[in-house]
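Work through the exercises below with the structure open. Each task is followed by its solution.

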Amino acid sequence: MLTRRSLLATPALAVPGCSFLGALPGTLSGADMARGHLLRTPFAAGTPAETRRTKIAIIGGGIAGLSAAFTLAEAGHRDFRLFELEDSAGGNSRAGRNAVSAYPLGAHYLPIPNPESSGVRHFLERIGTITGWQGGKPVFDPYQIVADPEERILHLGRWQEGLIPAIVPDADRADLAAFFAAMDRFRDHKTSDGRRAFAIPMDLSSRDPDLRALDALSFTAWLDARGWSTPTLRAHLRYCTRDEYGTEPGEVSAWAGIHYFAARRGEAANCAGDAVLTWPAGNGYLAAAMARRVAGHIEPGIVVAAVRTSGDGAQIDALDVANRRRIRILADAAIIALPRFVAAHVVAGASAKGFGYSPWVVANVTADRLPAGQGAKLAWDNVSATSDSLGYVVATHQGLAAVPGPTVLTWYTALSDMTPATARTLMTDRPLADWQRIVHDDLMAMNPDLAGAIRRIDVWRWGHAMVRPVPGFFFGGARENAAKSAPPLFNAHSDLSGLSIFEEAHFRGSTAAEAAMTHLGFAHVSVHTA
Amino acid sequence: MADAPTGARDLAPVLLFSAFVVATCGLVYELLAGTLASYLLGDSVTQFSTVIGTYLFAMGIGAWLSRYVTANELAVFVRTEILIAAIGGSSAALLFLLFDRVGDFRLPLYGLVLIIGTLVGLEIPLLMRILKDRLEFGDLVSKVLTFDYIGALAASLLFPLVLVPHLGLIRTGFLFGLANVGVALAMLWMLPQASRLRGEMAAGILVAIALVAGLFSAERLQRLAEVAAYQAPIIHAVSTPYQRIVLTRRNDDVRLFLNGNLQFSSRDEYRYHEALVHPALGRIAHPANVLILGGGDGLAAREVLKYPGVRSITLVDLDPAMTRLFTDAPMLAALNGNALRSPKLIIVNADAFVWLRANQRRFGAVIVDFPDPTNFSIGKLYTLSLYRELARAIAPGGIAVVQSTSPLVAPNAYWTVATTLEAAGLTTRGYHAYVPSFGEWGFILAAHGAIADAVALPPGLRFLTPRTAALAFDFPPDMARRPTPVNRLDNQALVRAFDAEWSRVEG
């Protein structure tokens, strides 16, 4: 066991400027590529060893699939199965755990939902995250609201609260003010069709052609046209589009860029509307809550290879990985909760044309003590103005201990400054030690106080982390076509919204579940009231 | 030196300058050890006097030992310089770091003083012998001693006026270590007969690099050795996984510091603990079950035990080392009247927030004596979420009291605690008391219903009387209630107010 004495002694012995990384323990993991690539082989041809029947088959156990399953279970539907390729459901919202803490492998927070995100609010109320209502606003469980301080940025050698450097030239300040004023106007804007200019789910956004036209150009082009080019604003916006979409501002649609800033109108009775909900496991908490509700219905380790309409129903051919058997599932309806690039391999007639994906690397760093630093105290989200990483969140931030002990820091980066294909090659080529060194050096630049305190670095590679909302993606046709369902097959995935966020995945999953129930004549009450 | 080449006379000024440097360094190490000893052990007259005595005695040993150097004076001198640079240069850092890691600090202190003194004692005799062929004897003694004493003057002026205030002890040590090794390297560089001393050259360069590294990590070393802050002699210091516990004592004044923050002074702690406990306990008819959160020193428990009707006290304190210390150390157990050995007392070593969330019991009285909200982790113990759990733990008709910082220094912080308790559905009444070592201090009573005026105090109190206990509820305008926000996990309004108000006082 480490004593405090040895903890104190360690940094004193480390020579500044040198890092004795040696062989740091850790793992290199990611989506199971071998299983994924089974889809490209003709293994599914031939006679299935077993045929099963279910009323509704859900294919894919990310948040969209889990939301569909949760919605079915809540409506009282019992005859459904969820098939997941990996050993556990959750998709991007999966979590890990070690002796110190649970920690996210990907998605790690949910903003306080907008009033129009009625399905998400309903879900949060069902799992106890919303504990009641006051004056028409939801009351959130205070232990799940991000604890103060929420975020800080390292700028010119000093940490400060917030994500935008405070000490900047006047021209930068003027640009920031003008930009955020414009975002406020978009946020408050309602168009003649009675819709919000930008809404969550995005499907409820205004259809006004002037607003849709924003999708035709890049965010950078839109900013250029307004003359907003000072470095502080551009650096912040680059951080935001990379953080939200894994993509450079020049490569995202202006509609996506503005949606990020203008779509959030969260309401809460007991915290700020722009707060977020977070947990040690990140959104693994939400995925686990859904998975618990539908525990008996989830079948992990099933690689679905082909889905086609057969008679009035759906025929699904799959491989059961555990006993390497071909199985066939006959369902009255199927919910395709797969990312589009997978669906294109699986579903007859589906295409992934126009769908690109950003690659991410997430590292969970176990440390003996909390990071410190000059200036603002440790926050939940910690970002450096000079680093190309997206910083780290602290998995133990929501803990209640009066004297903090060891911690897990979840470090993120989007490999956005190269083509996604190059990034994926890099991901498969680089050994664990290389990633660990990158993470370690980046952390040391932000928090030299962590010298000698890092115990292990576990790296997770997401080759296809997020759909890339490139110009033209939202309203150029491909996304809208993909979003259309052809019963008995119902499409459900955040890809169909072009925004890789929990709310969109939940919306797509729950609406697909409701559409499937309607199709099958199963009486239910919609969770979507907006 | 038989092989003194022509022109060696030109080197005499360099050697004499090194006498100056060497003398300055020697005195600086002596002053460092004396200052450190009085910082860490208190009683500066004794410390300075014994350190100087030991140091001078050790210099005598060094001077005496110089007779055994029969050849190669230059090599021995250079080696001595390098050793002094390494040991003397890092002495301040070493002593700071060793302070809380050794049983008896005097051992490394006087050990280092002896070693450094001995080495310094070697310097001047050796230097004089190196110079003896270059100068007349009378001239030699006069010049060397002149530079020696000038160096001493320089050190004694520089040390208090420039070095300590601007560089601090640790950096000063490393800097003068560099001067020592600089002399060694300069000699190796300039003296022709030194060209064979390759090993010494390498060692000198290594030591110089290490000292430069030390110079730049001085801040980190200083952080690791915060004990320099105590004004009275330390009688016990221990680091637990949760905190650093330091006890100091000057005459009859025993003080407890947790992480450098004063928790009590034995001279006036009765004021604090009487004010903490009796306004609450004195307001309930039959205080049978009492919960104490924090208060591992057992002083609040001592006051609670003055009520014979109390059947059980549950004391929740995070740190087993703390409760053990105040149970077992005779002097401390005497201070709390052996309260922690009372059969009525159950000690639970747990994190109070976590324990309270899981707790299902209700208590007639709850004493909440957490550390001040100096950081965001402790700030969580003062939030609406904790007070909701606290409200669950107060039995009907029961009462809680919360120590809530100074209403005079930090009125916004103080009243934030009241506002937050009220937001948890509790009725509150604030009061204050003067505790000399803390200043004007504040407490808040909280209960499910109205809080009575009448209070029945146990006999034998030294501070509270029915009259002063009633006056304590009166707040003059400078401490009067003001509108404050509710302290929540997601806004930490209290830590921010506390920090802003206390930093105005403490700078």
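**Exercise 1.** Find the place of Leu156(A) and decide whether this residue is buried or exposed.

*Solution.* Step one: Leu156(A) sits in the loop between β9 and β10 (158-161) of chain A. Helices (H or I, at least four residues) and strands (E, at least two) are DSSP runs, numbered from the N terminus. Step two: Leu156(A) counts as exposed because its relative accessibility is 74%. Buried means under 20% relative accessible area, exposed over 50%, partly exposed in between (1.4 Å probe, protein chains only). Step three: phi of Leu156(A) is near 50 degrees, a positive value in a residue other than glycine. Most residues other than glycine have a negative phi.

Before going on, note the ground rules. This is a predicted model, where local features need pLDDT of at least 70 and side-chain atom pairs count only at pLDDT 80 or more, while totals for chains, interfaces and linings use all residues. Residues are numbered from 1 along each chain as its sequence is written, chains are lettered from A and ligands numbered from 1 in the order in which they are written, and side-chain values use heavy atoms, leaving out hydrogens and water.

**Exercise 2.** Which residues carry the UniProt feature "binding site", and why do they gather at one spot?

*Solution.* The unreviewed UniProt entry places the feature at His273(B) and Asp297(B). They span 25 residues in sequence, yet no two of their C-alpha atoms are more than 11.0 Å apart, so they gather at one spot. UniProt positions are given in the numbering used here, feature names are shortened, and annotations may be inferred rather than shown by experiment. Next, place each residue. His273(B) is in helix α9 (residues 269-281) of chain B. Asp297(B) lies in the loop between β5 (289-294) and α10 (299-304) of chain B. His273(B) counts as buried at 1% relative accessibility, and Asp297(B) counts as buried at 7%. Finally, check contacts (heavy atoms within 4.5 Å). Leaving aside neighbours within four places in sequence, the contacts of His273(B) include Asp297(B) and Asp369(B).

**Exercise 3.** Which peptide bond joins Asp148(A) and Pro149(A), cis or trans?

*Solution.* The bond is cis, with omega about -5 degrees. Pro149(A) is found in the loop between β8 (137-140) and β9 (151-155) of chain A.
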